[in-house]
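Please examine the sequence and the model shown here. The account below considers confidence, a pair of helices and a pocket in turn.

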Amino acid sequence: MKITKVEATPINVPITVDVLDLKKKTNVSICLVRVETDDGHSGFGITGITEEEVITTIVNKVAAPALIGEDPIAIENIWHKLYWILSPRGQTGYAAHAMAAIDIALWDIKGKAMNEPIWRLLGGARNKVPVYATFGFPFFNRDQLGEAAKLWVANGFTGLKMTAGDGATRHKNDRLISDVIEEDIERVRTVREAIGPNIDLYVDGNCNLNPSHAVKLAQAIEQYDIAFFEEPITQNDVWQMVDMRQRTSIPLACGQNEGLSFRFRDMMVAGAVDVVQPNVVITGGYTQCAKIAGMAEAFNVGIDNGGAWPHFNMHLHAGLANGGLIEMHYLAVECCKQIFDGLPDPEGGWLTLPDKPGLGFDINEAAIKDLASQPLSGGHGKQ
């Protein structure tokens, strides 16, 4: 079996947030990568939270020509070939995104060729994974946030995640960071009061805060029993996370946008995190994320899905014995519903893995054709 074609397509998916009669319009952008072989097998992968046109160019102009004729089952060999082409001096970022999308497509092919789902090829530790819902976006005002929290709990979720910081450091010339923090404290209080004491509540800073404000926020919301504070500090600064971890009782998590495994090594060696969050569509695909999970197990550090795209990440966490939570990110899930068929839905706080080979779901070709012809957002596939 040999690779005959590798092709990337940038796609912008319009989303209408149909919650509490809000009817807010937004968009989520991805890069879809397909790999084909000479014996008729094909696989696909995606990457997101990036500049989809940049990734498309990297895949089509740089990676694809180097992969023609390669054995798609020799994934480790291909991963390292791509590493030395795209990241010869340890670059993360765009290179890791491109490698992730290609790697997922290769695992999809491997699963189809061997008639096994990816989660079984990765180890088959369990056939279902626990989920939490990311629902608490900045476009909800405080009252809407509380009502939305109740709605997600009513829909069966026992864990909820909300954002904090709302671009505070990036937009510090437009508003006082202290004002953002004070509002965040009230928003967290509102959600906790809405859902009661028995629902896990997670907070995601999206790398928006500087160390002092992150610590201030963490210490103020400790009383609301936060399950973890995700990416509280800009740049995921390892040593500032170490310091913060000593100053709050809230567990710290990060890693969804980190590109290479050495960053996770540094976090764990330093004692900066309680939970690492490699994301297969960003962090080099299944090939690298499985190795990061192995490091986490050795350090007795938890591993959960952050950064969305649950239907790709579910395979990693079902395959490995130390797999953790899957993030049912509202915007990303709505995006995937438009472009893929056969996606499993969570039930009773769990997502059951498909038995179909490979990823276990399919591309909606008509939707892709239509969306690929639409103008791109010019954004970052942000959620």
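Residues are numbered from 1 along each chain as its sequence is written, and side-chain values use heavy atoms, leaving out hydrogens and water. The chain has a mean pLDDT (the predictor's confidence in each residue, from 0 to 100) of 94, with 96% of its residues at 70 or more. Over residues 378–383, pLDDT stays under 50. Where pLDDT is low, the predicted coordinates should not be read in detail.

Helices here are DSSP runs (H or I, at least four residues), numbered from the N terminus. Helix α9 (residues 261–270) packs against helix α10 (residues 285–299) at an angle of about 10°, their axes lying 10 Å apart. Therefore α9 is roughly parallel to α10, a term for angles under 35 degrees; axes are lines fitted to C-alpha atoms over the stretch in contact, and angles run from 0 to 180 degrees between N-to-C directions. In contact (heavy atoms within 4.5 Å), S261, F264, R265, M268 and V269 of α9 meet Q288, I292, M295, A296 and F299 of α10.

The second largest pocket has a volume of about 310 Å³. A pocket is an open set of points on a 1 Å grid over the protein atoms alone, where a 1.4 Å probe fits, with protein on both sides within 12 Å along at least five of seven lines; lining residues have an atom within 4 Å of a point. Volume is the space filled by probe spheres set on the points, which are joined across faces, edges and corners. Helix α12 gives the largest share of the lining, four residues.

Note on methods: This is a predicted model: local features need pLDDT of at least 70, side-chain atom pairs count only at pLDDT 80 or more; totals for chains, interfaces and linings use all residues. Helices (H or I, at least four residues) and strands (E, at least two) are DSSP runs, numbered from the N terminus. Angles under 35 degrees count as roughly parallel, over 145 as roughly antiparallel, 65 to 115 as roughly perpendicular and the rest as oblique.
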